[in-house]
Amino acid sequence: MSKKQKRYLLGEDEIPTQWYNIQADMVNKPLPPLHPATREALKPEDLYPIFARELCHQELDQEHAWIDIPEEVYDMYKYYRSTPLVRAYGLEEALGTPAHIYFKNESVSPVGSHKLNSALPQAYYCKEEGVTNVTTETGAGQWGCALSYAAKAFGLEAAVYQVKISYNQKPYRRSIMQTYGAQVTPSPSMSTRAGKDILTRDPNNQGSLGTAISEAIELARTTPNCKYTLGSVLSHVTLHQTIIGLEAEKQMEKAGEYPDIVIGCFGGGSNFGGIAFPFMRHNIKEGRTTRFIAAEPASCPKLTRGQFRYDFGDVAGYTPLLPMYTLGHNFMPANIHAGGLRYHGAGVIVSQLLKDGLMEAVDIKQLESFEAGMLFARTEGIVPAPESCHAIAAAINEAKKCKETGEEKVILFNLSGHGLIDMAAYDQYLSGSLQNFEVTDDDVQANLDAIE
Ligand SMILES: *Cc1c(COP(=O)(O)O)cnc(C)c1O
């Protein structure tokens, strides 16, 4: 590890007080989500039965570029923000690259990932309108932990459906959720109609984010005073995550640099959009030429091999139809350890931006992601989340290109979380039993063809 690691932090009065809504500045706005029954353009009111009202308006807001962060949320942000921006000298030295590599360390939040940035406002807006219960789905458990913490912070009850494979493989995140007082159920379960339908068709179904979303939405719809919350994909979630990029912008200024390349790992797009959009606004408005790269797993390649079209966000077809890059809502990703990246679709904003060439996407194989994570841990001292390893791998690839060309590019990536609760995955890597998963073109096409 290098002794030169340098951290940039913001003072309390420098933490941004507004989120950035890129929809307002986009030349081609995202197409409207469609009501699943009528197939007409969704209005905020259509979402009221599911989400807190303020969030429904944020979701479809294509007008206001800046949204005030409520004071109560800001106070909770200050428990862990600003998060450090770090110059990764150790990684640079190990790679022998002339590139300057920076990472934004979102792993310092109390739950170990960026997810709290949106869990806090979502719980707050629910509380504000008199909601008493919140429900959600979680994959690897990061979002469930964040929501459980936020529910406790604002005095709400939380019920979490956790993807069954993760519930069994990652028991510690379940324990964290329960420690914060949440009720956790493995999905698919027999407690909802959606869950029963899935288990009747396939009794050994190990669950996916799609199945768990169906169950949580059903619970919210059938329980009084209960709202659903989502940890990724939706535009209001990404809006809240822009606190990452807005802080990073100020911190890069303190470092006297501006990024040539911004990288985030990609599940539904919230941490990628969170770090990228504040910088992308300068591309849109001032003609800057920063590159933005989303790093997705090769086993769940919606951005690099999916299709741009309307599709459901869940298996049961409860969600609105979203105009997005998708592998089909029945796509069952392989059981890679980066549980947070096992989702069939991409957010509508990112999908439009990718279609319009304002950003790029790369896919990373599981073994390559862990190799990158190992190097990062050994040079920068932080064991990264399996999801974040994808961003690190993409950053390393760009830094290696700089070595070939001799270019001194500035690379910024988001470290979305730490991997201290994912050590079973590292164990497998260290023992040599971790493997790559291939997706065939036929798999992709079969699921796309199945969309009505
Ligand atoms: C959930 C999660 C992700 C993926 O979700 P996005 O919405 O794409 O950011 C990435 N990293 C970590 C640590 C996560 O918990």
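**Exercise 1. Describe the unit that strand E6, helix H6 and strand E7 make, and find which strands pair with E6.**

Strand E6, helix H6 (residues 142-153) and strand E7 make a right-handed β-α-β unit, where right-handed means that, with the strands pointing away from the viewer, the path from the first strand over the helix to the second runs clockwise. Helices (H or I, at least four residues) and strands (E, at least two) are DSSP runs, numbered from the N terminus. The model is a predicted one, in which local features need pLDDT of at least 70 and side-chain atom pairs count only at pLDDT 80 or more, while totals for chains, interfaces and linings use all residues. Residues are numbered from 1 along each chain as its sequence is written, and side-chain values use heavy atoms, with hydrogens and water left out.

Step 1: E6 pairs with E7 (residues 157-163) in the parallel sense over 6 bridges, and two strands count as paired if DSSP finds at least two bridges between them. Within this pairing, Thr136 has Val160 of E7 as its bridge partner.

Step 2: E6 is also joined by 3 bridges to strand E9 (residues 226-228), and these two strands run parallel. Here Thr135 has Tyr228 of E9 as its bridge partner.

Step 3: Because 5 of the 6 residues of E6 (residues 133-138) are buried, this strand is largely enclosed by the rest of the structure; buried means under 20% relative accessible area, exposed over 50%, and partly exposed in between (1.4 Å probe, protein chains only).

**Exercise 2. Classify the ring pair of Phe51 and Tyr228, and say which parts of the chain the pair links.**

Step 1: A pair of aromatic rings is described by the distance of the centres and the angle of the planes. Rings of Phe, Tyr and Trp (its six-membered ring) pair if their centres lie within 6.5 Å, and planes under 30 degrees apart count as stacked, over 60 as edge-to-face and the rest as tilted. By this rule the structure has 14 aromatic pairs.

Step 2: The ring centres of Phe51 and Tyr228 are 5.5 Å apart and the planes stand at 45°, so this pair is tilted.

Step 3: The pair links distant parts of the chain, 177 residues apart, with Phe51 in the loop between helix H1 (44-47) and helix H2 (53-60) and Tyr228 in strand E9. Both Phe51 and Tyr228 are buried.

**Exercise 3. Trace the salt bridges of Arg81, and name the residues of the network that Arg81 belongs to.**

Step 1: Side chains of opposite charge can pair when their charged atoms come close. A salt bridge is a side-chain nitrogen of Lys or Arg within 4 Å of a carboxyl oxygen of Asp or Glu, and the structure holds 15 of them.

Step 2: Arg81 forms a salt bridge with Glu106, with the closest N and O atoms 2.9 Å apart. Arg81 also forms a salt bridge with Glu247, where the closest N and O atoms are 2.8 Å apart. This second pair links distant parts of the chain, 166 residues apart, since Arg81 is in the loop between H3 and E4 and Glu247 is in helix H11 (residues 235-255).

Step 3: Arg81 is buried, with a relative accessible area of 6%, Glu106 counts as buried at 0% relative accessibility, and Glu247 counts as buried at 0% as well.

Step 4: A further salt bridge joins Arg281 to Glu249, with the closest N and O atoms 2.9 Å apart. This pair links helix H12 (residues 270-286), which holds Arg281, to helix H11, which holds Glu249, across 32 residues.

Step 5: Returning to Arg81, salt bridges that share partners join Arg81, Lys104, Glu106 and Glu247 into one network.
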